[in-house]
Amino acid sequence: MIKNKISGAGVATLALIGGAIAFPAPVQTATLQRTQMSDNNFQLAQSTVNTATLESQVFSQINQYRASLGLPALARNSTIDNQARIHSQNMANGQVAFGHDGFGARIQAIAVTIPYRAAAENVAYNQGYRDPATQAVQGWLRSSGHLANIKGNYNLTGVGVAVNSRGAVYFTQIFILKR
């Protein structure tokens, strides 16, 4: 895990879990109970964080980076978004540890509607930054495993963002190569 602390006017933290996780197509699939997250706004100490905006920013920045390398853009998919959101929310509220636990189950839930050949996931969290989406993306771009996922042979993606009561912002991006 990479942790950067920056001091100055305030303290900011960025954390990433290292290593790429990629799975080939599953042998079998399972259906998970789906949880819909309806409210995209969280009130944080006199400021509002719009998680839908942060998700869009991550998606846009990743595609801008891919375009700069001549790679095709990823298409955003609501089924993948939902699994990414659930994971970010579970990390934010402490139901699961920060990391990739349950990745296989998330991919199996996606595979119910999207047959795939490969899948990968990036996660990050940060706190205290004015632009948390850019901090997460820049951290991923500086990490070889995360960068491999971003540059990988994928065509679909989903992004989920959640904020906990202490103001930490959790990010999950799932990458899929559809069959």
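Colleague: What percentage of the 179 residues of the protein chain count as buried?
Modeller: This is a predicted model; local features need pLDDT of at least 70, side-chain atom pairs count only at pLDDT 80 or more, and totals for chains, interfaces and linings use all residues. Residues are numbered from 1 along each chain as its sequence is written, and side-chain values use heavy atoms, without hydrogens or water. Buried means under 20% relative accessible area (exposed over 50%, partly exposed in between; 1.4 Å probe, protein chains only). Of the 179 residues, the buried share is 49%.

Colleague: In what order do the elements of the protein chain run from the N terminus on?
Modeller: The chain has five helices and nine strands, taken as DSSP runs (H or I, at least four residues; E, at least two) and numbered from the N terminus. The order is β-β-β-β-β-α-β-α-α-β-α-α-β-β.

Colleague: What percentage of the contacts in the protein chain with a separation of 6 or more comes from residues 24 or more positions apart?
Modeller: Contact means heavy atoms within 4.5 Å. Among contacts with a separation of 6 or more, residues 24 or more positions apart account for 72%.

Colleague: How are H2 and H3 directed relative to each other?
Modeller: H2 covers residues 78-92 and H3 residues 103-111, and their axes lie 9 Å apart. The two helices pack at an angle of about 155°. Angles over 145 degrees count as antiparallel in rough terms. H2 and H3 are therefore roughly antiparallel.

Colleague: Which residues in H3 do Thr79, Ile80, Gln83 and His87 in H2 meet?
Modeller: The H2 side of this contact holds Thr79, Ile80, Gln83 and His87. On the H3 side they meet Arg106, Ala109 and Ile110.

Colleague: Which residues in H4 are buried?
Modeller: Helix H4 spans residues 132-141 and is mostly covered. Seven of its ten residues are buried. They are Pro132, Ala133, Ala136, Val137, Gly139, Trp140 and Leu141.

Colleague: Is Ala92 buried or exposed?
Modeller: Ala92 is found in helix H2. Its relative accessible area is 6%. Ala92 is therefore buried.

Colleague: Which residues is Ala92 in contact with, leaving aside its neighbours within four places in sequence?
Modeller: Ala92 sits in H2. Sequence neighbours within four places are set aside here. The partners are then Ala162, Val163, Asn164 and Tyr170.

Colleague: How many Å apart in space are Ala92 and Tyr125?
Modeller: Ala92 and Tyr125 are 33 residues apart in sequence. In space, C-alpha to C-alpha, the separation is 8.9 Å.

Methods: Axes are lines fitted to C-alpha atoms, for helices over the stretch in contact, and angles run from 0 to 180 degrees between N-to-C directions. Angles under 35 degrees count as roughly parallel, over 145 as roughly antiparallel, 65 to 115 as roughly perpendicular and the rest as oblique.
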